[in-house]
Amino acid sequence: MRIVRCLTSSILFSAPALAGPNEIEAVAGLEASFYQAFLDRSGNEMATIFADDFVYQHGSGTTFDKTAFMKLVESEAIIVTRADTPDLTFRDFGDVIVTYGTGRVDGTVGPDPFATNLRIVNVWHNAGGSWQLVHRKSE
């Protein structure tokens with residue numbers, strides 16, 4: 001009897017199908033677009049990449065929602081002059097792909113220059129056939 005219950009549970013609650021190489025390639029392209037939007041200071045481009053409930057957690061402890069992060073990117077307060085698309089690892093969970101890695105970011109905060117290698121984790125969700133960035137963590 002116990003064996004039947006376990007077998008039934010595994011059939012009913014099986015893992016979703018993986019997204020696959022084409023979907024990972026699509027997310028890789030969106031990752032590159034995200035870093036280009038940083039360089040272009042384009043909140044409008046980021047708006048097409050971010051989910052409505054996007055959250056960015058910066059290593060400083062500051063958390064930004066979609067609107068606040070887009071305003072920050074467009075402002076003069078922080079200007080990114082270099083944002084390399086990081087060397088990423090992709091974890092495929094079906095309708096969720098998690099990317100992580102390190103990447104170089106240079107720029108200025110006010111008059112002060114900065115150059116850093118960030119550790120990054122991005123969470124992408126496929127909503128209705130469209131991949132969107134739902135969460136970002138960097139430090």
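## The largest pocket

S1, H4, S3, S5, S6 and S7 each supply at least two residues of the lining of the largest pocket. Helices (H or I, at least four residues) and strands (E, at least two) are DSSP runs numbered from the N terminus. The model is a predicted one, in which local features need pLDDT of at least 70 and side-chain atom pairs count only at pLDDT 80 or more, whereas totals for chains, interfaces and linings use all residues. Residues are numbered from 1 along each chain as its sequence is written, and side-chain values use heavy atoms, with hydrogens and water left out.

The volume of the largest pocket is about 360 Å³. Its lining consists of 21 residues, of which Phe-38, Tyr-56, His-58, Ile-78 and Phe-114 lie nearest its centre. A pocket is defined on a 1 Å grid over the protein atoms alone, as an open set of points where a 1.4 Å probe fits, with protein on both sides within 12 Å along at least five of seven lines; lining residues have an atom within 4 Å of a point. Grid points are joined across faces, edges and corners, and the volume is the space filled by probe spheres set on the points.

## Overall architecture

The chain contains four helices and seven strands. From the N terminus on, these elements follow the order α-α-α-β-β-α-β-β-β-β-β. Of the 139 residues, 31% count as buried; buried means under 20% relative accessible area, exposed over 50%, and partly exposed in between (1.4 Å probe, protein chains only).

Contact here means heavy atoms within 4.5 Å. Among contacts between residues at least 6 apart in sequence, 53% join residues at least 24 apart.

## The nonpolar core

The largest nonpolar core has 23 residues, and Phe-34, Phe-38, Met-46, Phe-50, Phe-69, Trp-124 and Leu-133 touch the most other members. Two or more core residues come from each of helix H2 (21-40), helix H3 (43-49), strand S1 (50-58), helix H4 (66-74), strand S3 (78-83), strand S5 (96-109), strand S6 (112-127) and strand S7 (130-138). H2 gives the most, with five residues. Such a core is a set of buried Ala, Val, Leu, Ile, Met, Phe, Trp, Tyr and Cys residues joined through side-chain atoms within 4.5 Å.

Leaving aside neighbours within four places in sequence, Phe-50 is in contact with Phe-34, Lys-66, Phe-69, Met-70, Gln-132 and Leu-133. Ile-49 belongs to helix H3 and is buried, with a relative accessible area of 1%. Not counting residues up to four places away in sequence, Ile-49 touches Leu-30, Ser-33, Phe-34, Trp-124, Trp-131, Gln-132 and Leu-133. Ile-49 and Trp-131 are 82 residues apart in sequence, yet their C-alpha atoms are 7.8 Å apart in space.

The 20 residues of H2 should span 28 Å at 1.5 Å a residue, which agrees with the 28 Å between its end C-alpha atoms; the expected span is 1.5 Å times one less than the number of residues. Val-27, Glu-31, Phe-34, Tyr-35, Ala-37 and Phe-38 are buried in H2. Seen down the helix axis, the buried residues of H2 fall within an arc of 155 degrees and so line one face, the arc being that of the directions from the axis to the C-beta atoms. The face turned away from this buried side carries the exposed residues Pro-21, Asn-22, Glu-25 and Asp-40.

In H4, the buried residues are Lys-66, Phe-69, Met-70 and Val-73. These fall within an arc of 100 degrees when seen down the axis of H4, so they also line one face of their helix. The buried residues of H4 pack against H2, H3, S1, strand S2 (63-65) and S3.

## Loop and strand positions

Arg-41 lies in the loop between H2 and H3 and is partly exposed, with a relative accessible area of 26%. Most residues other than glycine have a negative phi. Arg-41 is not a glycine, although its phi is positive, at about 55 degrees.

Thr-85 lies in the loop between S3 and strand S4 (87-92) and counts as partly exposed, at 41% relative accessibility. Not counting residues up to four places away in sequence, Thr-85 touches Ala-32 and Tyr-35. Pro-113, in strand S6, counts as exposed at 68% relative accessibility. Leaving aside neighbours within four places in sequence, Pro-113 is in contact with Gly-107 and Thr-108.
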